[in-house]
Amino acid sequence: MSYEFLIARRHLRSMRGRKRVSFTAIIAVVGVAIGVAALVIVLSVMNGFSEMIWDRLLGINAHITVRKAYDGRIEEYGPLLRTLEAHPEVVGASAFIQSEGFVLRRPPGGEIISSGVLARGVDAERALKTSDLSDHLWAGQVDLSPRQVEGKRADGMVIGRVLADKLGAMLGSEVHLGFIPKEMLQTPTLRRYVVTGIFHTGYYEFDSGLVFVSLGAARRDLRWDDVVTGIRIRLQDPFAADRVGEELREVLRQVYPGLFPSSWMSQHSNLYVWIQMEKWFSFLALSLIVMVAGFNIISILTMNVSERRREIGILKAMGATPRSVGRIFTLGGLSIGLAGVLLGNLLGFVLCWVQQRYRPIKLPGDVYLISALPVEMHVFDFVIISVSALILCYLFTLLPARDAASLDPVEAIRYE
């Protein structure tokens, strides 16, 4: 243990006998702690909200979508599915047909209710492997197979909860689906469907305007051959979508040059960038609290330098270098900052844990789609906050430490 550390520790212990310095030190520690705790809490809450958004967005959407240029149709997609699933980070791949359309329903004794939708034709078994649709089911099941209803053929359909409320539909309700024709001079054909499942993601765009039908039913209604709109891919890590997409692009360029993959991060780039920027702008703004607390560290060390001019002169006369003298005061300021960082981390962790466990802060579920304030703590956030706060505290120690290091020992001792 260096003598600089020993002297710095004795200086800190001696603050107890000096009320003014001791009170200022307590304010500095509390200020740093409040700043660190505020950063921990805000970033944890933003993590909770962002993960809730990604969970709802990626629960239905694909991590990577492979399409043909100019909305072309993909033929002979069986080998393509096997090629994509051969990638080690791909969990599953499924073909789909997607088209705009509209649904109609006539309640008993009422007028026809209609709504525009985005109809997605999928293979039910593969779709469950490439999405969390089953986890978001509010009622029923993902059963898209055809059946007989009152002596007539009808296919299964899964719709969103908001759309179901709008149509007044429930499990077993009969609806009619019409696709907007993809070619000129075609007239839309209305087909009978039965609601077999209702999902609720909390994402209004999906819950109000997305319906799932079988791949065969979509081909029949659109009058397509054995072709699809694209391939949906699910990854082990959704945030690796950009990198895996580039790797798949190189593979497809050699075998299927007309196809290109696009990640969810590029499709929703505005939302993704906005969440990331908001998080780090909040980090920079709340760092000002730590900076304000840092000025108290300057005042403490400045008072220490002023009151200990004689001791500084004696140390220098005994051979202590200016660098060693500056290090003594730097260590003292860092000790105050470290105490504040540890206290702030503890306070932030406890408050976040209480919210996670007991959820004392409630939210109106009909507005925010969740019943309590979401909190998600990340170790990286604690580390980056602690390191940043200590760096700020260190920078605030440099000015008084430099003043102490530049004192002339003869002058310091003479006037003391």
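Start by selecting W54, F239 and W264: together they form one aromatic cluster. The rule pairs rings of Phe, Tyr and Trp (its six-membered ring) if their centres lie within 6.5 Å. By this rule the count comes to 8 aromatic pairs.

Before you move on, know your model. It is predicted, so local features need pLDDT of at least 70, side-chain atom pairs count only at pLDDT 80 or more, and totals for chains, interfaces and linings use all residues. Residues are numbered from 1 along each chain as its sequence is written, and side-chain values use heavy atoms, leaving out hydrogens and water.

Next, select F199 and F212. This aromatic pair is edge-to-face, with 5.8 Å centre to centre and 70 degrees between the planes. Planes over 60 degrees apart count as edge-to-face, under 30 as stacked and the rest as tilted. F199 sits in strand 9 (residues 190-199) and F212 in strand 10 (residues 210-214), so the pair links distant parts of the chain, 13 residues apart. Helices (H or I, at least four residues) and strands (E, at least two) are DSSP runs, numbered from the N terminus. Buried means under 20% relative accessible area, exposed over 50%, partly exposed in between (1.4 Å probe, protein chains only).

Now go to S263, in strand 13 (residues 259-263). S263 counts as buried because its relative accessibility is 6%. Show its contacts (heavy atoms within 4.5 Å). Beyond four places in sequence, S263 touches H63, I64, A241 and D242.

Last stop: I312, in helix 11 (residues 309-317). I312 is buried, at 3% relative accessible area. Outside four places in sequence, I312 contacts V305, V325, F329, A404 and L407.
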